[in-house]
Amino acid sequence: MDIELMVNSFPKLLSASLITLKLLSASLIVGLFIGLLFAILRLNKNIFMNKFAYGYSYLFRGTPLLVQIFIIYYGLGNIEYLRTTVLWVILKEPYWCAIIAFSLNTGAYTSEILRSAFQTIKPGIIEAGKSLGIPSKIIFYKIQIPIAIRQSLPAYGNEIILMLKGTSLASTVTLMDLTGVAKYIISTTFKPIEVFIVAGGIYLFMTFVVHNVIKFLEKKYSY
Amino acid sequence: MKYLFVKLKERIMNIFKKTIFSVLFSLLVMGNVQADKIKIGTEGAYPPWNSKDASGKLIGFEVELAYTLCRYIGQQCTIVEQDWDGMIPALIMRKFDAIMAGMSITAERQKAISFSQGYADEVASLAVMKGSSLEGLDTPAGINLTKPDAAAKKALKTLTSALAGKTVCVQTATIHQNFLDSGDVGKVNVRTYKTQDEVNLDLASGRCDAALAAAVAFSDYAEKSGKPVVLTGPTFSGGAFGNGVGVGIRKDDTELLKKFNAAINKARKNGDISRIATKWFGFDASM
């Protein structure tokens with residue numbers, strides 16, 4: 001065990017985890033919107049919208065995140081026509097490619113989480129709102145969404161943690177996130193165990209924080 | 001009835017004992033056989049040094065050379081595949097006994113493992129896509145960085161101003177990455193990839209302004225893919241680029257190191273190395 005290496009690599013890894021957090025928060029925010037949109041589409045009675053939303057979540061939950069990143073980064077990068085369009089400004093950067101892939105992936109899972117949360121709302125609650133003469137739009141925003149969010153908290157917390165670990169795949173498209181920098185340090189010191197233990201510890205700490213924030217929210221919004 | 005039962009039990013136990021014994025025995029024998037074999041690790045993704053054919057079989061200069069060296073050593077060899085970025089850790093952790101993966105002998109790597117004498121050397125070069133502004137830089141054909149002369153220093157200056165703010169792509173944990181990190185060509189935007197294949201892909205897609213690797217790695221890619229990849233600037237050797245490619249061996253494994261050095265001597269004398277090198281590189285890269 002090379003303790004000195006562990007101590008020396010800690011600040012470098014810590015600053016790299018900022019990139020990890022940036023990737024995570026950006027893709028979670030975008031993913032939440034995508035998830036909400038597709039959850040609503042899933043609940044829609046229109047068969048086309050319903051099937052479209054189902055197909056999306058089926059596609060992104062059924063393929064590995066690594067494959068998705070590779071298709072978006074290397075696959076789209078290989079299409080010559082695409083390189084002449086405005087889209088290339090975004091797709092040229094590995095950072096945006098990673099965020100697109102992560103957002104689409106977490107969006108698919110989030111849509112499933114939210115859909116099942118909406119479906120657990122007892123019809124009696126909605127009927128109670130209706131009988132009080134509340135417009136259905138307000139029932140949706142003020143009653144259904146808050147309940148759905150509370151219901152989905154445990155599962156969504158799980159998704160955040162999975163996504164946090166998923167961001168480590170960003171290093172495969174040249175991003176210097178926590179895993180990327182850990183690999184870089186290993187490439188010059190040839191000591192994987194020490195460096196990965198420190199990197200793993202930082203991931204563990206981040207998971208610990210996420211876990212406790214979700215736990216706090218669950219308690220706060222329990223009824 | 002009871003007697004029959006006991007008899008049956010005895011027979012079953014006997015069969016059990018026999019199978020366990022024979023399985024253990026065969027394991028023991030297999031273990032012994034494997035102990036005699038030298039395991040050599042290679043990447044299988046860096047043509048023409050080492051790569052894989054369509055069926056997934058390892059081929060290339062080093063694969064052929066490895067079998068030749070093992071013949072001189074007089075031991076059987078197996079060649080195993082290992083990702084480049086875990087090559088040296090895997091050797092240290094005894095997943096195999098020797099590295100033959102186009103690995104240049106550098107001072108940095110020698111801190112972790114020892115190297116046999118070099119068996120081949122090959123220059124590095126920058127590559128760009130045809131039509132790039134970096135094409136046709138005004139530099140000498142080749143520079144040696146061990147003791148850079150005036151022309152080499154001037155070439156580095158030309159490169160520094162040409163590459164300022166550009167993205168240069170390299171495979172991770174290579175001499176090429178070390179060179180760019182050393183600051184000899186100023187502050188360039190270095191992007192690292194797990195394999196040379198990925199470097200080539202991103203060079204072709206235009207995400208990299210230039211890429212740095214063994215010159216043959218680019219000519220091999222240009223030939224196979226038909227993409228307009230061209231070499232630019234000087235070829236590099238010496239300094240951060242190391243002193244040729246050798247067999248990487250664990251530091252405590254001095255016995256094996258001696259065997260490989262002797263085998264390389266014999267193979268060089270008999271002309272095997274230059275014959276195999278010419279076959280794979282198209283020129284004599286042996287040393």
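# A walk through chains A and B

Chain B holds 10 helices and 13 strands; here helices (H or I, at least four residues) and strands (E, at least two) are DSSP runs, numbered from the N terminus. The model is a predicted one, in which local features need pLDDT of at least 70, side-chain atom pairs count only at pLDDT 80 or more, and totals for chains, interfaces and linings use all residues. Residues are numbered from 1 along each chain as its sequence is written, while chains are lettered from A and ligands numbered from 1 in the order in which they are written.

Let us begin with the overall form of chain B. Its C-alpha atoms fill a box of roughly 95 × 40 × 35 Å, taken along the principal axes. The radius of gyration of chain B is 24 Å, whereas a compact globule of 287 residues would have one near 19 Å. That radius is taken over C-alpha atoms, and the globule rule is 2.2 Å times the number of residues to the power 0.38. Of the 287 residues in chain B, 43% are buried. A residue is buried if 20 or more other C-beta atoms lie within 10 Å of its own, exposed if 12 or fewer, and partly exposed in between, with C-beta atoms placed from the backbone.

Now for the sheets. Strands of a sheet pair through backbone hydrogen bonds, either parallel or antiparallel. In this text, two strands pair if DSSP finds at least two bridges between them. One open sheet of chain B has five strands in the order β4-β1-β5-β13-β6, with mixed pairing. Its edges are β4 (77–81) and β6 (114–115) of chain B; each has a single partner strand, so one side of each is left without a neighbour in the sheet. Further in, β1 (residues 38–42) and β5 (residues 98–99) of chain B run parallel and are joined by two bridges, with I40(B) standing opposite A98(B) in β5(B). Helix α2 (residues 61–73) of chain B lies across β1 and β4 of chain B, at about 155 degrees to β4(B). Such angles run from 0 to 180 degrees between N-to-C directions, and the axes are lines fitted to C-alpha atoms, for helices over the stretch in contact. Two residues are in contact if their C-beta atoms, placed from the backbone, lie within 7 Å.

Another open sheet of chain B has six strands, in the order β8-β12-β7-β11-β9-β10, and its pairing is mixed. Here β8 (142–144) and β10 of chain B are the edge strands, and because each has a single partner strand, one side of each is left without a neighbour in the sheet. From one strand to the next, the twist averages 30 degrees. Strand β9 (residues 167–171) of chain B pairs with β10(B) in the parallel sense over five bridges; V168(B) has V190(B) in β10(B) as its bridge partner. Helix α8 (residues 215–225) of chain B lies across β7 (124–129), β11 (210–214) and β12 of chain B, running at about 165 degrees to β12(B).

Most residues other than glycine have a negative phi, and most peptide bonds are trans. The peptide bond from P47(B) to P48(B), however, is cis, with omega near 0 degrees, and P48(B) sits in the loop between β1 and β2 (51–52) of chain B. A173(B), which is not a glycine, has a positive phi of about 60 degrees. This residue lies in the loop between β9 and α6 (175–181) of chain B, and A173(B) counts as buried because it has 24 C-beta neighbours inside 10 Å.

Finally, how do the two chains meet? On chain B, 17 residues are in contact with 12 residues of chain A. At least two residues of this side of chain B come from each of α3 (87–92), β10 (189–193) and α7 (196–205) of chain B. By class, the side of chain B that touches chain A has seven nonpolar, four polar and six charged residues. Ala, Val, Leu, Ile, Met, Phe, Trp, Tyr, Cys and Pro count as nonpolar, Asp, Glu, Lys and Arg as charged, and the others, Gly among them, as polar. Over on chain A, the buried residues of α10(A) include V195(A) and Y203(A), and what covers the buried residues of α10(A) includes α3 of chain B.
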